[in-house]
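Subject: Structure handover

Hello,

Here is the structure for your files. My notes come after it.

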Amino acid sequence: MAIRQLSETLINQIAAGEVIERPASAAKELIENALDAGATRIEIATSGGGKGLLRVSDNGSGMDAADLELAVKRHCTSKISTTLDDIRTLGFRGEALPSIGSVAKLSISSRRKDSAGGTEIAVAGGKVLHLRPSASNPGTIVEVRDLFFATPARLKFLKTEKAEAAAITEVVKRMAIAFPGVRFVLSGTDRSTLEFPATGEDHLARMAQVLGKEFRDNAIELDAEREGIALTGFAGVPTFNRGNSAHQYAFVNGRPVQDKLILSAIRGAYAETIPAGRYPVAVLSLSLDPALVDVNVHPAKSDVRFRDPGLVRGLIVGAVREALARDGSRAATTGADGMLRSFRSGFQPGYQRSAQAAWSAGTSPSRPFQTATGGFGERPQASFDGLSMPAARAEPQAQAWQPRPAEEPPPRYPLGAARAQIHENYIVAQTDDGLVIVDQHAAHERLVFEAMRKALQSKKLPSQVLLIPEIVDLPEEDCDRLMVHAEGLKELGLAIERFGPGAIAVRETPAMLGEVDAQGLIRQLADEIAEWDTASGLSAKLEYVAATMACHGSVRSGRRLRPEEMNALLRQMEVTPGSGQCNHGRPTYIELKLSDIERLFGRS
């Protein structure tokens, strides 16, 4: 069969198969062009899930007739010159518009701000229909109709209109988070209007628009830098989680990406803090020299490759874990909201509640009587400070209290002072402005686990020597990767040696793991190193064993605690990282403000 040169139209249609996979892909490309043009207002309109109509209007710099004529030709762009080492724009390949024009009916109307009139160009099925003057406002309007009419086979693989419309919405949300200074409006006959007003430099306000106002109350700020790579953004507390990973947003030099390295780092940072099947909410933004990251991996530009992936992963995991240790122990506000909804479900129909107001001890209609030792500041509660956790016994014991000197102010504790134990499992504590309900088993389980984890990290773990070394046959390249990490594995109790060019000899295994399938463990570590260049799987196994041991060695549900024991548990929680959730990711306590309680009784 003779080799033939393909036509320009067919070449564009083949390229469109990679660049424009669905209407959301076209929307992403057009929005990126608008942002690169300096737009501060972008409006997107759709019909039929973007298959019938996709219109993107902006107030950017606009184009003249000569620019429009080149814009619909392949590999024509104003964003790069000679190299790919310094890409600072969202688009750069010059493929989006010709790809769309080859499979749809495309029209572009544009006008420069300093021009008296605009220009319009129309393309259908890869052929230019006309280029003529038009009346238009400064900026650009790109209208795409009958997407994939020229390639019916691709049209059959699209999802329902509702699903395609939702995909476009997700694209707009990601762009809105990345560019808080731009106003986005998404409308159409197939959706209700969605508007994101510009928030300027207030990134958290824009995130609250997209992720909900609860994210603002449950987010921890990130700000870290390592070897020229800066990480900023916000991570949700572990107890504020979702059922899928759709609420995890990552950006590299302002570009929205869906990179598996970043998503894996987020999952690793939240290990042992979130239940199985649940996902954290996070918005991460990486800034680095464009020469250190390759954005030209795929025509869709959603995947990137870092020159030093280990450095990036370590930065993300370390920064998120440090933030969680610093401020991640607090309970999510959604827990209190859920409690309030449970109470309100029993209200009588027609009951009217007044608007929420900030609670004040001085103005509260249910404020306590003014006494010398009233409230949380009473001196017997203050004397709980410094007590250690004794063995719990069911019988009550009297204790002679020794009040502090009159001039010494009582201490203030975030988790308050224990007032009662309910159903021999839940501790009710009073705080300055509300109350806290603690699950005693979940809380103590976390405390024991953190103590064991600290022991794991502070010294070399004991190992058991195998009577006969286990020989594991592997490809030579896997053996090379494992030996690079041999010293680190030995610190975890796993001693390996090279046994010829294509085998590894396992001489010692971690004693904590008991009987080990050495073959499976080594192969799993080899696969993990090949994928991520890290051998965290063994450490994860050890922590899993520690978590199991902590669960069985903690204060059990149904054990009656004395007041000093309950308060000692609260004090330990306040100084232990991650104490806001147990090893399985469930919350260890729920906080309820007095203002919330007063609303339940209609007092505010």
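The model is predicted: local features need pLDDT of at least 70 and side-chain atom pairs pLDDT 80 or more, while totals for chains, interfaces and linings use all residues. Residues are numbered from 1 along each chain as its sequence is written, and side-chain values use heavy atoms, with hydrogens and water left out.

Cores. A nonpolar core here is a set of buried Ala, Val, Leu, Ile, Met, Phe, Trp, Tyr and Cys residues joined through side-chain atoms within 4.5 Å. Buried means under 20% relative accessible area, exposed over 50%, and partly exposed in between (1.4 Å probe, protein chains only). The largest such core has 90 residues, and the members touching the most others are I42, F184, F215, I262, L286 and F306. Its main contributor is helix α10 (residues 309-327), with nine residues; helices (H or I, at least four residues) and strands (E, at least two) are DSSP runs numbered from the N terminus. Domain 1 (8-81 + 91-196) and domain 2 (203-330) each supply at least three residues to this core, the bounds coming from an automatic or database domain assignment. Another core, of 16 residues, lies apart from it and includes L474, A518, L521 and I522.

F184 has contacts (heavy atoms within 4.5 Å) with residues including I31, L35, I42, V172, F179 and R206, leaving out those up to four places away in sequence.

Sheet. Three strands form an open sheet in the order β21-β23-β22, paired antiparallel; pairing requires at least two DSSP bridges between two strands. Neighbouring strands are turned by 20 degrees on average, direction ignored. Axes are lines fitted to C-alpha atoms, for helices over the stretch in contact, and angles run from 0 to 180 degrees between N-to-C directions. β22 is joined to β23 (residues 503-510) by four bridges, and I496 has V506 in β23 as its bridge partner. Helix α14 (residues 476-484) packs on the sheet, touching β22 and β23, at about 135 degrees to the direction of β22.

Rings. Rings of Phe, Tyr and Trp (its six-membered ring) pair if their centres lie within 6.5 Å; planes under 30 degrees apart are stacked, over 60 edge-to-face, the rest tilted. The count is one aromatic pair. F215 and F240 have ring centres 6.5 Å apart and planes at 45 degrees, so the pair is tilted. F215 sits in helix α8 (residues 213-217) and F240 in the loop between β10 (229-236) and β11 (241-242), 25 residues apart. F215 is buried at 0% relative accessibility, and F240 is buried at 1%.

Regards
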